[in-house]
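This report walks through side-chain contacts and surface features, topic by topic. Please keep the sequence and the model at hand while reading.

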Amino acid sequence: MGDGGAGTHGVGPRLDFREAQGECGPYVATYYLYRNDAPVVDGVERVDCGQIRFLLKGEGTLSYFDGGAVGSVPVMVNGPARTAATYHVEGGFHCFGVSLRPIGWRALIGRPAHRVPHVIDGRELFGDAAYALLEQLRGMDSVDAMIAAVEPLLLAHRRPVPKSHLLFARAVREWSASEDLDI
């Protein structure tokens, strides 16, 4: 769930990630596989644009600094965060995740961010196919194989995004990565 915080029982985390390519590139920033075999994993969830997470192993709770707390669901869609959170996971923690770009939130999730609770059950957005995919992912070890398995689900649920939104998002990405501060 977070940025790779250390396990509390000495078993270090392992993170393997890939930058999105191809048709999903405009919607997805990165894919990642996070594994931590400590019996208890505690960490901090940063503010982010939104994530789709397939919990391969472990169950836990996200506790938000605004006082709310949410239990994990097997396929979690974490909304664009307004605040950081802490997480506590038991049973080891293995997660395949999809980090969304802002355009990806619009195209793949299709809900106004300010109307989304902290976590949505993936079944609500993607139907039973999300849980069938989770079972498939649990039998895989390769990030590349997981990406190949998840991309058809994402593309099948893609909604059209106005061209002006795509152009604006690209301009912001280019501006934020530019060495030229006068842009």
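## A buried salt bridge

Glu45 and Arg53 form a salt bridge in which the closest N and O atoms are 3.0 Å apart, the term being used for a side-chain nitrogen of Lys or Arg within 4 Å of a carboxyl oxygen of Asp or Glu. Glu45 is buried, its relative accessible area being 8%, and Arg53 is likewise buried at 2% relative accessibility; here buried means under 20% relative accessible area, exposed means over 50%, and partly exposed lies in between, with a 1.4 Å probe and protein chains only.

The model is a predicted one, in which local features need pLDDT of at least 70, side-chain atom pairs count only at pLDDT 80 or more, and totals for chains, interfaces and linings use all residues. Residues are numbered from 1 along each chain as its sequence is written, and side-chain values use heavy atoms, with hydrogens and water left out.

In one of them, the side chains of Asp37 and Arg14 meet at 3.1 Å, N to O. This pair links distant parts of the chain, 23 residues apart, since Asp37 is in the loop between strand 2 and strand 3 (40-45) while Arg14 is in strand 1 (residues 14-19); helices (H or I, at least four residues) and strands (E, at least two) are DSSP runs, numbered from the N terminus. Asp37 is partly exposed, with a relative accessible area of 34%, and Arg14 is partly exposed as well, with 36%. Salt bridges also link Arg14, Asp37 and Lys57 in a network.

Another salt bridge joins the side chains of Arg158 and Glu23, at 3.4 Å from N to O. The two residues are 135 apart in the chain, with Arg158 in the loop between helix 4 (143-156) and helix 5 and Glu23 in the loop between strand 1 and strand 2, and the pair thus links distant parts. Arg158 is partly exposed, with a relative accessible area of 32%, whereas Glu23 counts as exposed at 51% relative accessibility. Arg158 and Arg138, in turn, are 20 residues apart in sequence and 24 Å apart in space, C-alpha to C-alpha.

## Aromatic rings

A pair of aromatic rings is described by the distance of the centres and the angle of the planes. Rings of Phe, Tyr and Trp (its six-membered ring) pair if their centres lie within 6.5 Å, and planes under 30 degrees apart count as stacked, over 60 as edge-to-face and the rest as tilted. By this rule there are four aromatic pairs. One of them is formed by Tyr31 and Phe96, whose ring centres are 6.2 Å apart and whose planes are at 10 degrees, so the pair is stacked. Because Tyr31 lies in strand 2 (residues 28-36) and Phe96 in strand 7 (residues 85-100), the pair ties together parts that are 65 residues apart in sequence.

Tyr31 counts as buried at 1% relative accessibility, and Phe96 counts as buried at 0%. Ring pairs link Tyr31, Phe54 and Phe96 into a cluster. Elsewhere, Arg123 lies over the face of Tyr131, at 3.8 Å from the ring centre, where a charge sits over a ring if NZ of Lys or CZ of Arg is within 6 Å of the ring centre and within 35 degrees of the ring normal.

## Cysteines

How many disulfides does the model contain? The count comes to zero, a disulfide being a pair of cysteine sulfur atoms within 2.5 Å. For Cys49, the closest cysteine sulfur is that of Cys24, and the separation of 17 Å is too far for a bond. For Cys95, the closest cysteine sulfur is that of Cys49, which at 17 Å is again too far for a bond. Cys49 counts as partly exposed at 33% relative accessibility, whereas Cys95 counts as buried at 0%.

Phe168, Val172 and Trp175 form a nonpolar patch on the surface, with about 350 Å² of accessible area together. Patches are made of residues with over 30% relative accessible area and no salt bridge, like charges being joined within 9 Å and nonpolar side chains (Val, Leu, Ile, Met, Phe, Trp, Tyr) within 5 Å; accessible areas come from the Shrake-Rupley method with a 1.4 Å probe, and for residues only the protein chains shown count as cover. Val172 is found in helix 5 (residues 163-177) and counts as partly exposed at 36% relative accessibility.

Ser164 is also found in helix 5, and is partly exposed with a relative accessible area of 49%. Ser164 and Thr61 are 103 residues apart in sequence and 38 Å apart in space, C-alpha to C-alpha.
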